[in-house]
Each structure stands twice: as C-alpha cells, then as structure tokens.
Amino acid sequence: MLEHILNLGTFLFCIGIFGLITSRNMVRALMCLELIFNAVNINLVTFSNFLDSSQIKGEIFSIFIIAIAAAEATIGLALVLAIYRNRKSTRIDQFNLLKW
C-alpha cells in the first residue's frame, strides 16, 4: 500500500514538473504548481502515517502547505487578471511587464 501511494505522489509530481516546464499559459503553470504541492502533501501524509500513526505531524504540516497554496493561487490569479487586462494575453513568453 505504501508503494502505491508513493508512486501516485511521484506521478503527480512528475506531471506537475513537466507541465510547469512546458506550459506557455500562466494559468496552466499555476495549476501545475498546485499539482506539485498536492503531490508533496500526499507524500507527507503517507510518511507520517507510515512512520508514526499516533502523531499527526505530517497532516498538520500538510494543512499549512494547503494554506500557502491557496494564498499562492489567489495572488497568482490576481496577477494573471491584471496582466490580462493590460496585455490581453496570458502567455508567459509575452510577460515582460516587470522588466527594467
């Protein structure tokens, strides 16, 4: 059972990294970043239950990561909306708004 869950976390992590590297759309990149965070959460909870099931350290740390991911998604989508209003595009290669 442990191997299956760790394989699922690894698979999600690899999909997230691949999508983050190859995506040209900012919204897709944010979604891939969320996949990476969720893969890390799956592995944290799995190792926490496997090593010491009486303590919930992995679950608590996972809740903090979910809160950080929610804040990151909120700020990221706000930036995407602001850039879309100015540039009418969400492509990463056209994002040069913050360059000097």
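Ser48 makes contacts with Ser53, Gln55, Ile56, Lys57, Gly58 and Glu59, when neighbours within four places in sequence are left aside. The coordinates come from a predicted model. Ser48 is found in helix H2, and it counts as buried because its relative accessible area of 10% is under the 20% cut-off.

**Helices H2 and H3**

Helix H2 has 26 residues, and its first and last C-alpha atoms span 38 Å, close to the expected 38 Å at 1.5 Å a residue. Helix H3 covers residues 57–87, which is 31 residues. The reach of H3 from first to last C-alpha is 44 Å, close to the 45 Å expected at 1.5 Å a residue. After H3 comes Lys88, with a positive phi near 60°.

Two packed helices are described by the angle between their axes and the distance between the axes. For H2 and H3, the axes come within 9 Å and cross at roughly 175°. The crossing angle is over 145 degrees, so H2 and H3 are roughly antiparallel to each other. The residues of this contact divide into 16 nonpolar, 6 polar and 4 charged.

On H2, the buried residues are Met26, Ala29, Leu30, Cys32, Ile36, Ala39, Asn41, Thr46 and Ser48. These pack against both H1 and H3.

Gly76 lies in helix H3. Gly76 is buried because its relative accessible area is 12%, under the 20% cut-off. Between Gly76 and Met31 there are 45 residues of sequence separation, while their C-alpha atoms are 10 Å apart in space.

Leu6 belongs to helix H1. Its relative accessibility is 19%, so Leu6 counts as buried, the cut-off being under 20%. Apart from neighbours within four places in sequence, Leu6 is in contact with Asn43, Thr46 and Phe47. Leu6 and Leu44 are 38 residues apart in sequence, with 9.7 Å between their C-alpha atoms.

Ser23 sits in the loop between helix H1 (2–22) and H2. At 8% relative accessibility, Ser23 counts as buried. Not counting residues up to four places away in sequence, Ser23 touches Arg28, Ala29 and Ile92.

The residues discussed one by one are collected here.

| Residue | Relative accessibility |
|---|---|
| Leu6 | 19% |
| Ser23 | 8% |
| Ser48 | 10% |
| Gly76 | 12% |

**Annotated regions**

An unreviewed UniProt entry places the feature "transmembrane region" at residues 6–22, 29–48 and 60–84. In the model, residues 29–48 are 100% helix and 0% strand, and the end C-alpha atoms of this span are 29 Å apart. Residues 60–84 are likewise 100% helix and 0% strand. The end C-alpha atoms of residues 60–84 lie 36 Å apart. Leu6 and Ser48, described above, are at the limits of two of the annotated spans, 6–22 and 29–48.

Note on methods:
Residues numbered from 1 in each chain as written. Predicted model: local features only at pLDDT ≥ 70, side-chain atom pairs only at ≥ 80, totals over all residues. Heavy atoms only, no water. Helix = DSSP H or I, 4+ residues; strand = E, 2+ residues; numbered from the N terminus. Expected span 1.5 Å × (residues − 1). UniProt positions renumbered as here; feature names shortened; annotations may be inferred. Buried < 20%, exposed > 50% of the residue type's maximum accessible area, 1.4 Å probe, protein only. Contact = heavy atoms within 4.5 Å. Axes fitted to C-alpha atoms, helices over the stretch in contact; angles between N-to-C directions. Parallel < 35°, antiparallel > 145°, perpendicular 65-115°, else oblique. Nonpolar A, V, L, I, M, F, W, Y, C, P; charged D, E, K, R; others polar.
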